[in-house]
Structure formats: C-alpha cells, structure tokens
Amino acid sequence: MLSRKKTHKPDTVPVAGLSIYDPVHLGIFEDGHRVDLELIYRNILMAGEPGAGKSVALNNIVAHGALCPDVSLWLFDGKQVELGLWRELSDVFVGPDITTALARLKQLQAEMNRRYDELDRVRRRKIDRTDPVDVIMLVLDELALFSATMGSKDEQDHFVRLLRDLVARGRAAGVIVVAATQRPSADIIPTSLRDLFGYRLAFRCTTDSSSDIILGRGWAANGYNAATIAPEERGVGLLLAEGGIPRRMKSAYLSDADIYALVDYARQLNAGKTVA
C-alpha cells in the first residue's frame, strides 16, 4: 500500500519491540492502577501552569514514540529546549519559527491527504499495523507560542486552522497530535479545537475556568477541578478519556539522565534500520 522509508528486524529485547499500536504508559491513577493510553487513532491535549508537570507527561509520550520503529517524530518546540533532548531522533524539528511551523504543517496536511487518497483507492477506512507506513506523531510543546505569540494574527490563525484539520482528520491516516501549553485560555485553546481531542489532561491551573478550558465546560462545577490540585503535587493531573469522567493520576517521572539513556538506546535501535 503505502511506501515506508525504513524497515527493521525483530528484536528480542522487549522495549525494542515497542509499537505505537501498543498502549503508552503515562503513570498511575490514584487507585494504583496503571495509566496506559491507546494513542493510535487518538490525540491528546495537556495543559497546566508552569511547574505543574506537563513536560514530564509529555516526555513519557515522546519516549514511547522515540522507541517505536513505526513512528516518525515531528517535534514543534516553541522554547526549543523542552523537546531538544529528543531532537536527534526526530524526523522534523521546529523551533520558535512560525514560518517554518506553517510550512511543516502544510507538508503534513498534504501527506495526510495523500494517505487518504491511497486508502480510498484500496477501499480502506484507516491504516493499521500491517501497513508499511510510519505513524506520524506531531508533538507541539507550548502551543501558545505558535497560536497566539509569534508572527502576525493571520499567521497565528492559519496555524490554528491547519492544526484543527490535522486533529480532526489525521487519526485514520496515521497522524497523532500531542499538544501541550502552560497557558490554558480560550484564545490559546478554542473550544472548536479542544473538543476534537479524545484525551485531555489538566495539571494544576490557577482558576476553575482554566481547568474547564482543558477538560470541558462544567467539569469544575461537578467536582473535577484542576485548580484544587496543590502546588506541591507536581505531576498530578486530571485525565479525561473519551466518554468517561476525569480521573486523578500522577505522571511517571523521567529525569534528564533517563532521557539521555533512552536517546542513546533509541540511537542503537535506529542504527539497525535501513533507509529505502
């Protein structure tokens, strides 16, 4: 069906056999059960005030993608340092540059459309793990810098429109969007964009309304309020999955040393791949 630029041989080391079609481990729920998310065919939005634990959760997802031979990592980092440790493992890395960000989103939109044309040709609804094509994981850290800070108002609006299209249509074509921001406000996360995310993870917020901007209107009034998370509870958040209610969880922690070790290991895995 769809051509793939790289292949890999089976590996007997368990982690080397990771796939994006496998659940992504994110942490534990307050009842002690694991938080394992099926990200394939889904997207996730996470937000919270600085220091609340957003970056830790984000790194767990990127780590899974980096160790999957069936994933192409597209990393957009408005601050350039949060995702910088993974840069050498990415297929695309965009720093604080709105022009490049727009060009890359247009490129990804075109690839999404190409995949849908191919799926239509072979009478299929979505790609699956048997297809020789990488799933593209688009990771955006500090969404606000691209959608409300850098560039002109027209460029910011264009960025949001492109992102909304990728979130709305990308899943079946193998495009996963992972978006994060420390500024959960309506101008950063419009309702029309937020409601497209199947997973939403709210870390500590300063106000009830900020919590609702992430999780959805009315959750704070019903007792699911990220503003009630104590400042010292870093990594604690409320996770809303499709069709469920928010559940309190704590992210698994990856130190910089852990990330360096994972990058080194992923580099070894990548050395065994061939480029078509």
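A residue is called buried when its relative accessible area is under 20%, exposed when it is over 50%, and partly exposed in between (1.4 Å probe, protein chains only). The model is predicted, so local features need pLDDT of at least 70 and side-chain atom pairs count only at pLDDT 80 or more, while totals for chains, interfaces and linings use all residues. Residues are numbered from 1 along each chain as its sequence is written, and side-chain values use heavy atoms, with hydrogens and water left out.

Helices (H or I, at least four residues) and strands (E, at least two) are DSSP runs, numbered from the N terminus. Seven of the seven residues of strand E5 (residues 71-77) are buried, so E5 is largely enclosed by the rest of the structure. In a regular strand, side chains alternate between the two faces of the sheet. In E5, one side carries Val71, Leu73, Leu75 and Asp77 and the other Ser72, Trp74 and Phe76, all of them buried.

Strands are taken as paired if DSSP finds at least two bridges between them. E5 runs parallel to strand E7 (residues 135-141), with seven bridges joining them; Asp77 has Asp141 as its bridge partner there. Strand E6 (residues 92-94) also pairs with E5 in the parallel sense, over three bridges, and Val94 of E6 is the bridge partner of Phe76.

In helix H4 (residues 153-169), the buried residues include Phe159, Leu163 and Leu166. The buried residues of H4 pack (contact means heavy atoms within 4.5 Å) against E5, helix H2 (98-121), E7, helix H3 (143-149), strand E8 (175-181) and helix H5 (191-194).
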